[in-house]
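Hi,

Here is the structure I promised to pass on to you. Please open it beside this email, and then read on for what turned up in it.

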Amino acid sequence: MSGIALVRKPGPRIAEGIVTHLQREPVDPVKALDQHDAYVAALEAAGRRVVYADPADDLPDAPFVEDTVVVSGRVAVLTRPGAAERRPEVESVARAVRDLGLKTVMIARPGTLDGGDVLQSGPVVYAGRSARTNDEGIGQLTALLPERRVVPVNVRGVLHLKSAVTALPDGTLIGDPRHVDLPGLLVPPEEPGAHVVPLDGSRVLLAASAPRTAALLESRGLDVTTVDISEFEKLEGCVTCLSVLVDD
Ligand SMILES: CN(C)C(=N)NCCC[C@H](N)C(=O)O
């Protein structure tokens, strides 16, 4: 599959990233950089052209680019992250997506929306109501994407909707019913197994911390690539958070 993956390298202050539901643990910035390189290599191996947003070394959570923009076709919805300290990340991502030729629109005050709360699956866009994303943000997203069906989903006990549920290439939702009310979830055998990046119709990217889920998905005929993202997981990140996929 062709297409682009927008990413941003972690900076030296990554260890200062926000932690909400986990106990803070030391994060090694050098290891994070190596893990990020391996993550990028996996995307490239899957045929993606990788584009880097400008470094934002003063903003510890900046490698979690997913939260700053939602791409639907050729439209990029620039978000207004729920955590005020993450809002300065958006400007450089806006430049990057404009350079890719996407049309930009934006979530405006008093709306808040994190891309990690937006799960796209076919015609449906699930939008998580979370501590980061409010009803006003979801309402604005609905108005900005008139051709999509935006479905609000309550999120409990985790940071983002995509902390709890993602979609396999065939549209099956994989996730933890304790955190979201969505029917027909495939429940992964371990928590990080809920985070899947679909690379194409038969390949997915998964964290190395979910080996039993990798086996489950392989038994369903999927080709699974795993990457160790332990340093990002300590900051409540997952495989989806580190890139924004743009199809051309
Ligand atoms: C799906 N997920 C979890 C994301 N898209 N983003 C994770 C952001 C983590 C960051 N420390 C924060 O607290 O903002």
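Start with aspartate 61: one of its polar side-chain atoms lies 2.8 Å from a nitrogen atom of the ligand. Please keep in mind that this is a predicted model. A backbone N or O atom of isoleucine 18 lies 2.8 Å from a ligand nitrogen, and a polar backbone atom of leucine 235 is 2.8 Å from a nitrogen atom of the ligand. On its own the ligand has 390 Å² of accessible area, and the protein covers 100% of that.

How many residues surround the ligand? There are 17, and the closest are Ile18, Glu66, Asp67, Arg86 and Leu235.

Next, have a look at serine 72. You will find serine 72 in strand β3, which covers residues 69-72. Is serine 72 buried or exposed? Its relative accessible area is 6%, and buried means under 20%, so serine 72 is buried. The side chain of serine 72 also makes a polar contact, at 2.9 Å, with the side chain of arginine 148.

Because its relative accessibility is 16%, tyrosine 126 counts as buried.

Most peptide bonds are trans, and most residues other than glycine have a negative phi. The peptide bond from arginine 109 to proline 110, however, is cis, with omega near 5°. Proline 110 sits in the loop between β5 (103-106) and β6 (118-121). The other spot is glutamate 236, where phi is near 65°, a positive value in a residue other than glycine. Glutamate 236 is in the loop between α6 (230-233) and β14 (244-246). Which side of the 20% cut-off for buried does glutamate 236 fall on? Its relative accessibility is 15%, so glutamate 236 counts as buried.

Enjoy exploring, and write back with any questions!

Best wishes

Notes
Residues are numbered from 1 along each chain as its sequence is written. This is a predicted model: local features need pLDDT of at least 70, side-chain atom pairs count only at pLDDT 80 or more; totals for chains, interfaces and linings use all residues. Side-chain values use heavy atoms; hydrogens and water are left out. A residue is near a molecule or strand if one of its heavy atoms lies within 4 Å of it. A polar contact is a pair of N or O atoms within 3.5 Å; within protein, one must be able to donate a hydrogen and the other to accept it, and residues adjacent in sequence count only if both atoms are side-chain atoms. Accessible areas come from the Shrake-Rupley method with a 1.4 Å probe; for residues, only the protein chains shown count as cover. Helices (H or I, at least four residues) and strands (E, at least two) are DSSP runs, numbered from the N terminus. Buried means under 20% relative accessible area, exposed over 50%, partly exposed in between (1.4 Å probe, protein chains only).
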